[in-house]
Amino acid sequence: MNNVYSLFEKIAGENKHQVAIKSKSGIETYQTIIDEVERVAQIFAENGLNIETCIGIYLKNSSEFIKCYLAAAKYNIKLALIDHRCSMNDISKKISAATANAIIYEKKDGEKIDRLLNEMDIKDSRVVDINFEKNAISLVIFDELQKSKMRDKIFNIIFSSGSTGDAKGILYTQNQIANQIKLNSKHFEISSNDKILCAVEISHSYGIYDHVLLSLLSGATLYMQDINFVTPRSLLKKLAEEDITFFGDLPWMYDEMNKVSSMKKYDLSHVRYMICGGDTLKLNTVNEFYKRFNKKINQVYGLTELGYISFDKTNSGNGTIGKIYEELEYKFEKIEEERGLLHIKINREFMFEGYLSDEASSKSEWFDTLDIVRIDRENNLYYCGRRTDVINIRGNKIYPNEIKVLLSTIKAVKKCEVLVYNEEITVVIEPEKDVDIEKIRFKIYRLSVEELSSYKRPKKIYFIENMPKTNLGKIPKNELIIMLKNMGC
């Protein structure tokens with residue numbers, strides 16, 4: 001079968017004595033992992049959890065998280081992945097939305113889970129221990145096990161970043177997850193010889209699909225990092241000392257790596273692909289990284305729903321997101337023919353099932369990414385922003401990403417966002433430390449005059465010490481607007 005568990009079982013059987021995971025829990029072989037997965041799956045079955053039920057998994061990055069995940073996959077028990085950094089209110093919303101019947105958590109989070117159950121008015125529950133050698137894990141089961149509202153074939157619910165509003169619960173079958181993993185394994189050329197470093201949150205698709213399962217369904221060795229203790233320096237050290245061959249992170253982390261001051265030279269020559277997802281990299285970041293470490297970063301493009309659908313395999317460094325994977329069925333629709341702007345639609349049935357809150361989405365064959373691109377003669381794509389972000393002022397269409405890309409060429413600009421505030425094009429800047437803000441303001445006005453049509457030029461510029469961001473590093477515009485109002489802007 002083309003599903004997550006059968007693929008893992010096959011790979012684990014072929015690589016029994018190979019190291020599967022290196023983490024703070026120690027070194028574990030594929031045989032060790034599959035034995036533990038069988039044990040946990042048996043606990044699930046003995047306690048009435050099955051294809052009709054759903055578990056909320058609330059664990060930090062760990063091998064225990066992965067074993068519970070794969071154990072649920074064995075019986076296709078639905079899993080709602082909850083970011084451990086979420087607030088109590090967010091956890092409650094996600095557990096309720098997924099109609100979960102149980103929650104997996106670390107025992108030291110027991111008081112927090114008790115408060116959560118009390119707030120959710122869940123009175124009858126029982127706790128089952130799933131103890132591992134290095135970590136005490138508990139499973140709280142709500143006594144009245146109700147049948148999940150989701151179709152039996154659904155396996156994963158992953159919640160989006162929420163950068164454009166409330167987080168959406170995205171539904172996947174095991175087959176669709178396997179399709180994503182196989183595509184990435186092929187295009188990133190992953191094999192049992194690879195060493196994959198995961199330093200991103202595994203309750204999100206970027207972590208669980210694009211690192212964890214990519215590794216374990218290919219027979220590679222996964223290096224797990226506790227993201228609460230990750231630093232740019234520790235990542236560079238790990239990449240160099242462990243001969244890591246595949247690594248992915250968010251744009252802000254590559255920015256921070258560039259700032260690591262050290263006389264030590266980090267040898268990254270063995271890293272075949274160093275990818276960046278979640279947002280577009282600044283060209284300054286790419287160039288500085290290459291200058292410091294002699295390594296180019298591969299920009300990938302995708303969405304939580306679809307996983308990756310393209311990446312810049314050749315490290316061109318010119319801002320392209322590469323070509324769309326040839327295995328996908330897609331189409332372009334013209335937005336502005338004179339500027340060569342298109343938006344992408346993908347046949348979603350191969351990649352994801354739909355959304356928790358929208359049954360209609362499961363009936364539509366084509367998924368509108370809402371992303372705007374342009375395409376060159378070699379069929380390379382260039383990301384131009386979201387269709388929903390397009391600003392229309394006095395009859396003129398303005399693409400915020402065009403302004404952001406321009407301003408990102410200013411080295412003193414750490415982060416920037418473009419939005420409409422008080423009916424004017426407004427730029428919000430998080431500057432680097434110890435820089436002259438007035439000089440940045442002058443450079444922005446000068447660049448705008450030189451490079452932008454008059455109707456595209458920012459009318460207001462505000463500086464913020466710390467830009468708000470989601471757990472995936474994206475800037476939530478609604479929070480940013482509230483911040484500006486509170487500042488009296």
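Guide: Contact means heavy atoms within 4.5 Å. The structure is a predicted model, in which local features need pLDDT of at least 70, side-chain atom pairs count only at pLDDT 80 or more, and totals for chains, interfaces and linings use all residues. Residues are numbered from 1 along each chain as its sequence is written, and side-chain values use heavy atoms, with hydrogens and water left out.

Visitor: Which residues does Asn135 touch, not counting residues up to four places away in sequence?

Guide: Asn135 touches Glu64 and Glu106 under that condition.

Visitor: Why is Asn135 called buried?

Guide: Buried means under 20% relative accessible area, exposed over 50%, and partly exposed in between (1.4 Å probe, protein chains only). Asn135 has a relative accessible area of 16%, and is therefore buried.

Visitor: What makes Tyr69 and Phe155 an edge-to-face pair?

Guide: The whole structure holds 17 aromatic pairs. In the pair of Tyr69 and Phe155, the centres are 5.3 Å apart and the planes stand at 75 degrees. Rings of Phe, Tyr and Trp (its six-membered ring) pair if their centres lie within 6.5 Å; planes under 30 degrees apart count as stacked, over 60 as edge-to-face and the rest as tilted. The pair of Tyr69 and Phe155 is therefore edge-to-face.

Visitor: How do you know that Arg374 lies over the face of Tyr382?

Guide: A charge sits over a ring if NZ of Lys or CZ of Arg is within 6 Å of the ring centre and within 35 degrees of the ring normal. Arg374 lies over the face of Tyr382 at 4.3 Å from the ring centre. Arg39 likewise lies over the face of Phe132, at 5.1 Å from the ring centre.
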